[in-house]
Amino acid sequence: MKASFKLPRDFVRSMLGSHSILGLSVAALLYLVCVSGTLAVFYPNLERWEQPQVAESSTFDPAALDVAAAAALARESKRPEHLFIALPTDDVPRVAVETEENGNFVRPDGAFAEPVDHEWTHFLVELHYALSLPGVLGLALVGIIGIMMTAMVISGLLAHPNIFKDAFSFRVRGPRRLQQVDIHNRLSVWTSPFQLAIALTGAFIGLSQVYGFVVAGVFFGGDTTAATRSLFLQHDKPTGIEAPLIKVADIVERVQREHPQERPMFVTIHEPGTTAQAVEVGTRVPRRLAWGEFYLYDSQSRYVGDAGWADGDLGVQLYSSTFRLHFGHFVGMWLQVAYIVLGVALCIVIATGVNIWLLRRAQSGRPAPIAQRLWTTTVWGTPLALGVSALADVIADINGAIVFWLALALVLAAGSRISDVARWSYRLRCALAVVSAGVVVAHAIRFGADAFNEAALPVNLLWLALACAAAAMALAGSAKVVASELERSARVGESALKNL
Amino acid sequence: VSYPFWSRAAGVDSGATVGTVLIMLVAIIIVLANGDWRSKGPERVARASSVKSALEDQTAAPGRTRRTVLRTLAAGPLAFLAGLGPALLIIGGTRWPEADRIILGSCVLLVFWPAAMVWSCATSKPQRCAVALGVIALVSGVAVVPLSG
C-alpha cells in the first residue's frame, strides 16, 4: 500500500492566506531587522574596524587591570554603579575599562590608551534589536516581530503541499513570478531551521523584559531582581559608604587557576569603591553554546558562587545558550560568515515574498504601483542607507542613527515619485555599489595601512563583497532597464506613427 | 556535515548547531547547482497560472473590516495572553527548580503565541478564534490568581 502524505487543499490555502497576511503586515520592519542583523553578526569585528589603530594582544597582565580600574574610578566625578573591564578574547583581542560615562582601551602597563568609540556599531546593533526606539518599547516590538517571523515559518512550511517533491527544484528562467516563487520557496524551506532558531531566540531576547515584568508582578511582588535571582548572580545592595577599591588581579588569577579550561572574558566591579563592592568574572566555556560562566566574589575577595550558566539547571542553560545561537559566535569566524550567508538568504526570502504578492496583483489586473515603488526602494534603500551612515561615520563621526533614518526617508520619498521601477532599482543598486566601495576607500584614507590589518580587513572585505554583489545585481538589472527603454521607445514610435 | 564529527570537535550543543548550519549551506549549493537554466516547460505554465491568491479570498469576503479587527485582536493581545496564562501556570503550579519553571514557561509562550497567530490569520472565522483564545486567557488567568505571590 502506498502511503499518502498530502495536506488537504483547503488547509494549504488557509495557511497560504495566513502566511500572506503575516508577511505583508510586517515585511518592511522584518526586512530592516534582518538586514541590520545580518551585518551585526560581525559586531565584534565592526568594533575593531571602527578603531583599527588600537594595539591588540591576546594576553594581559592581571596587575595592569588594578591600575586601569583605579584610574577609571578616580576620573569619575560621580561614583559609577559598575566598572567594566573587557579582557582580550578571540573575537576582540583588546583590554578596555569602562564606566557608564567613559571608556578607554588599556595599555599592557595599565595606562589609558585611546577612548573607546564604537558609535556606529552600537547604532547598528540598536537598530537590529530595538529599531532605534528607546527602552523596552523597541525591544518588545522586535520581540513581537520575532513571534510573527516564527508564525510565518510555521505557516510557510504548512503551505507547501509539494515540499519534498520540489525540494531541489529551482527554475530561474521562467516568468518572473514563478522565478520569484522558486527562489522564495527553496531558500525558505532549506534555511527554515536557521530562521526558526533566529526568530525564536530573537523573540525570547526581545520579550524577556516584558515577560520578566509580568513574572515579577505576579509572583515576586513586582521585584524584578528577585524574579531573576535564579538566572543572575545577586550582589549586595548599594551602601554608598566609601572603601578602598577591591583588587581584581588576585581574583582573575584565581579564576584562571581554578578553571584552567575557561578563558576570562570580562570583569565587572559592582558598586566600586564602596563597602558593597563585588567582583564578577565572566569566562568563555569551550565547547559549549552557553554564553559563558560567571563567578562572584564579595568585597573581601571571598568566593560567593557561580551563576550555573554552563552547568546549572536546565532552564539556566537554555537561557544562556540563546545568545550565541542567535549571534553565531561559538566556533569561529567561518561560522559568522555562514550566518551572514544565511542572513542574506533570509533577506532574499523576505524581498521575494513581497515581490510574489506584487506580481500576482499585477497579473490579476490590480497592480499596486505605489507599493511596488516603496518596496523596491526599501529593499535596496535599506542597505544603501546603512552604507551612507557608515560612510558618514568614517568620514566625519556623524551620528549613525540620524544619517541612516534621514537617508532612508529621503530615498523612500524619492522612490515614491518615480515612474520607472526597473530604472530606479538599477540606480539604487549602482548607488549601493558605489557607497559600499566608498566606505572602504574612506576607511583606507582615514586609517592608512591600519585599514588592512587583522582588525579591519574582514569588515572591509565584507563591504567590498557587498559592493561587488550590488554591482553584479546592477548589471543584471541593466538588461531590464534596456528592455524597458526599448519598450518605451517602441510605444513612443507607435504613438508618433498613429499621429501621422 | 557529520553531527558526530562536529559534536566531538565543538561539543554536543555547538556541534549539533554547526552540523545543521552546514546541512543548510550544502542544500543551498545543491539547489543552485540544480537550477533549471532552460526555458520553462508547458506543465510549469499550467500549474502556475491555476494558482489563485488565498489572501484575495480572505480579503474579498464581506465583513472585511470586522474580521481584520478580530484577527488583529486574536493574533496579538489575545494570543499573547492565552500563551502567558499557561506559562504562568507552569511557574506557579510546578515544583521544578525556579529557573526551569521561568524559562520553560517562556518557551510555552514562544510556541503558543505564533501557533495561535497562524490560526487567527488562517481561519475565515476569526471570531471563534478570538473567543477560544479569550477563554484560555481568562481560565488560565483565574487559575493563576491563587498561585501568585
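Trainee: Which residues of helix 4 of chain A are buried?
Mentor: A:W120, A:T121, A:F123, A:L124, A:L127, A:H128 and A:A130. Buried means under 20% relative accessible area, with a 1.4 Å probe and protein chains only. This is a predicted model, where local features need pLDDT of at least 70 and side-chain atom pairs count only at pLDDT 80 or more. Residues are numbered from 1 along each chain as its sequence is written, and chains are lettered from A in the order in which they are written.

Trainee: How far does helix 4 of chain A reach from its first C-alpha to its last?
Mentor: Helix 4 (residues 119-130) reaches 16 Å with twelve residues, close to the 16 Å expected. The expected span is 1.5 Å times one less than the number of residues. Helices are DSSP runs of H or I with at least four residues, and strands are runs of E with at least two.

Trainee: And what comes just after helix 4 of chain A?
Mentor: A:L131, with a positive phi of about 50°.

Trainee: Switching to chain B. At what angle do the axes of helix 6 and helix 7 cross?
Mentor: Roughly 155°, and the axes come within 9 Å. Axes are lines fitted to C-alpha atoms over the stretch in contact, with angles from 0 to 180 degrees between N-to-C directions. That makes helix 6 of chain B roughly antiparallel to helix 7 of chain B, a label for angles over 145 degrees.

Trainee: Which residues of helix 6 of chain B make the contact?
Mentor: B:F112, B:A116, B:W119 and B:S120. Contact means heavy atoms within 4.5 Å.

Definitions and conventions: Heavy atoms only, no water. Parallel < 35°, antiparallel > 145°, perpendicular 65-115°, else oblique. Buried < 20%, exposed > 50% of the residue type's maximum accessible area, 1.4 Å probe, protein only.
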